[in-house]
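Let's take a walk through this protein together. Have the sequence and the 3D view ready as you read.

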Amino acid sequence: MQTIPYKIGQIKISQFAIFPDKYVNGEEVQIHASFSFGHSVTLDSIRCTASFSFLQKEELLLISETQCFFNIAQEGIEQLRKGHEIPVDFLRYMATIATGTVRGIIHAKTEGTVLNTIILPPINLVKLIEKGVPV
(Lines give C-alpha, C1' and ligand atoms only; values in the text may rest on other atoms or scores of the structure.)
Protein backbone atom coordinates (compact mmCIF):
# COMPACT_ATOMS: atom_id res chain seq x y z
CA MET A 1 0.00 0.00 0.00
CA GLN A 2 1.22 3.47 -0.89
CA THR A 3 1.16 6.19 1.71
CA ILE A 4 -1.96 8.33 1.52
CA PRO A 5 -0.91 11.98 1.81
CA TYR A 6 -2.99 13.91 4.35
CA LYS A 7 -2.96 16.68 6.92
CA ILE A 8 -5.05 17.11 10.02
CA GLY A 9 -7.74 19.61 9.12
CA GLN A 10 -9.76 19.89 12.32
CA ILE A 11 -10.18 18.40 15.79
CA LYS A 12 -13.60 18.63 17.39
CA ILE A 13 -14.57 17.52 20.90
CA SER A 14 -18.16 16.43 20.41
CA GLN A 15 -18.70 15.11 23.94
CA PHE A 16 -16.75 15.31 27.20
CA ALA A 17 -17.93 14.87 30.78
CA ILE A 18 -16.27 13.83 34.01
CA PHE A 19 -17.74 12.57 37.29
CA PRO A 20 -14.87 12.71 39.79
CA ASP A 21 -17.23 12.25 42.77
CA LYS A 22 -17.90 8.68 41.53
CA TYR A 23 -14.19 7.71 41.66
CA VAL A 24 -13.05 5.24 44.36
CA ASN A 25 -9.27 5.22 44.82
CA GLY A 26 -7.76 1.76 44.38
CA GLU A 27 -10.74 0.23 42.56
CA GLU A 28 -10.28 -1.10 39.03
CA VAL A 29 -11.29 1.19 36.15
CA GLN A 30 -12.69 -0.34 32.95
CA ILE A 31 -12.18 1.44 29.66
CA HIS A 32 -14.43 1.01 26.64
CA ALA A 33 -13.22 2.26 23.27
CA SER A 34 -14.84 2.48 19.86
CA PHE A 35 -13.97 4.10 16.55
CA SER A 36 -16.07 5.06 13.57
CA PHE A 37 -15.16 6.58 10.22
CA GLY A 38 -16.83 8.67 7.58
CA HIS A 39 -15.75 10.46 4.43
CA SER A 40 -16.91 13.27 2.22
CA VAL A 41 -18.48 12.43 -1.13
CA THR A 42 -15.39 13.76 -2.90
CA LEU A 43 -13.03 11.76 -0.61
CA ASP A 44 -11.06 14.91 0.22
CA SER A 45 -11.85 14.53 3.93
CA ILE A 46 -12.02 11.51 6.23
CA ARG A 47 -13.40 11.70 9.77
CA CYS A 48 -12.27 9.42 12.58
CA THR A 49 -14.48 9.51 15.67
CA ALA A 50 -12.87 8.12 18.82
CA SER A 51 -15.18 7.36 21.74
CA PHE A 52 -13.96 6.37 25.20
CA SER A 53 -15.75 5.73 28.46
CA PHE A 54 -14.16 5.03 31.82
CA LEU A 55 -16.24 3.09 34.34
CA GLN A 56 -15.74 1.87 37.86
CA LYS A 57 -18.22 -0.67 39.24
CA GLU A 58 -20.59 0.29 36.39
CA GLU A 59 -20.44 3.97 37.42
CA LEU A 60 -19.44 6.34 34.64
CA LEU A 61 -16.32 8.34 35.54
CA LEU A 62 -15.49 9.92 32.21
CA ILE A 63 -16.88 9.98 28.70
CA SER A 64 -15.11 11.44 25.69
CA GLU A 65 -15.93 11.61 22.00
CA THR A 66 -13.53 13.38 19.67
CA GLN A 67 -13.61 13.78 15.91
CA CYS A 68 -10.40 14.17 13.94
CA PHE A 69 -10.79 15.32 10.34
CA PHE A 70 -8.06 14.41 7.87
CA ASN A 71 -7.75 16.39 4.65
CA ILE A 72 -6.63 14.07 1.85
CA ALA A 73 -4.33 15.33 -0.93
CA GLN A 74 -5.39 14.84 -4.57
CA GLU A 75 -3.03 11.90 -5.14
CA GLY A 76 -4.49 10.23 -2.03
CA ILE A 77 -8.02 10.73 -3.34
CA GLU A 78 -6.99 8.98 -6.56
CA GLN A 79 -5.53 6.06 -4.55
CA LEU A 80 -8.74 5.69 -2.56
CA ARG A 81 -10.90 5.72 -5.70
CA LYS A 82 -8.65 3.20 -7.41
CA GLY A 83 -8.73 0.82 -4.43
CA HIS A 84 -12.46 1.40 -3.77
CA GLU A 85 -11.84 1.59 -0.02
CA ILE A 86 -10.03 3.36 2.77
CA PRO A 87 -7.45 0.70 3.67
CA VAL A 88 -7.57 -0.81 7.16
CA ASP A 89 -3.95 0.22 7.83
CA PHE A 90 -4.78 3.87 7.14
CA LEU A 91 -7.87 3.65 9.36
CA ARG A 92 -5.71 2.29 12.18
CA TYR A 93 -3.17 5.05 11.57
CA MET A 94 -5.86 7.74 11.85
CA ALA A 95 -7.24 6.04 14.98
CA THR A 96 -3.75 6.11 16.50
CA ILE A 97 -3.57 9.86 15.95
CA ALA A 98 -7.08 10.31 17.36
CA THR A 99 -6.22 8.20 20.43
CA GLY A 100 -3.15 10.30 21.16
CA THR A 101 -5.25 13.43 20.75
CA VAL A 102 -7.85 12.11 23.20
CA ARG A 103 -5.11 11.14 25.66
CA GLY A 104 -3.98 14.77 25.74
CA ILE A 105 -7.54 16.10 25.98
CA ILE A 106 -8.29 13.84 28.94
CA HIS A 107 -5.11 14.89 30.70
CA ALA A 108 -5.79 18.59 30.18
CA LYS A 109 -9.48 18.48 31.07
CA THR A 110 -9.02 16.39 34.24
CA GLU A 111 -6.17 18.50 35.60
CA GLY A 112 -6.81 19.34 39.24
CA THR A 113 -9.23 16.42 39.73
CA VAL A 114 -8.75 12.90 41.10
CA LEU A 115 -9.35 11.59 37.58
CA ASN A 116 -6.07 13.09 36.37
CA THR A 117 -4.28 9.98 37.65
CA ILE A 118 -6.19 7.79 35.18
CA ILE A 119 -4.23 7.45 31.95
CA LEU A 120 -5.67 6.21 28.67
CA PRO A 121 -3.49 3.13 28.03
CA PRO A 122 -2.25 1.91 24.64
CA ILE A 123 -5.10 0.49 22.57
CA ASN A 124 -4.76 -2.59 20.32
CA LEU A 125 -6.31 -1.18 17.16
CA VAL A 126 -5.75 -4.40 15.21
CA LYS A 127 -8.53 -6.00 17.27
CA LEU A 128 -10.84 -2.97 17.10
CA ILE A 129 -10.45 -2.07 13.42
CA GLU A 130 -10.49 -5.21 11.29
CA LYS A 131 -11.38 -4.08 7.77
CA GLY A 132 -11.28 -1.12 5.42
CA VAL A 133 -14.18 1.21 4.66
CA PRO A 134 -15.70 0.99 1.15
CA VAL A 135 -15.82 4.24 -0.83
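What follows goes from the overall layout to a few individual residues.

First, some ground rules: this is a predicted model, where local features need pLDDT of at least 70, side-chain atom pairs count only at pLDDT 80 or more, and totals for chains, interfaces and linings use all residues. Residues are numbered from 1 along each chain as its sequence is written, and side-chain values use heavy atoms, with hydrogens and water left out.

Start with the big picture. The protein chain has 3 helices and 6 strands; these are DSSP runs, numbered from the N terminus, with helices being H or I of at least four residues and strands being E of at least two. Along its principal axes, the C-alpha trace covers about 50 × 25 × 20 Å. Of the 135 residues, 38% are buried, where buried means under 20% relative accessible area, exposed means over 50%, and partly exposed is in between (1.4 Å probe, protein chains only).

Now look for salt bridges, meaning a side-chain nitrogen of Lys or Arg within 4 Å of a carboxyl oxygen of Asp or Glu. There are 3 of them by this rule. One joins the side chains of K22 and E59 at 3.7 Å, N to O. K22 sits in the loop between strand 1 (6-18) and strand 2, while E59 belongs to strand 4 (residues 59-72), so this pair ties together parts that are 37 residues apart in sequence. Another links K57 and E27, also with 3.7 Å from N to O. Here K57 is in the loop between strand 3 and strand 4 and E27 in the loop between strand 1 and strand 2, so parts 30 residues apart in sequence are tied together. K57 is exposed at 60% relative accessible area, whereas E27 is partly exposed at 33%.

R92 and D89 make a salt bridge too, at 3.6 Å, N to O. They are 3 residues apart in helix 2 (residues 88-109), which means about one helical turn separates them. R92 is buried at 17%, but D89 is partly exposed at 47%.

Finally, a look at the backbone. Most residues other than glycine have a negative phi. L43, not a glycine, has a positive phi of about 65 degrees. You'll find L43 in the loop between strand 2 (30-39) and strand 3 (45-56), buried at 5% relative accessible area. H84 also has a positive phi, about 60 degrees, and lies in the loop between helix 1 (74-83) and strand 5 (85-86).
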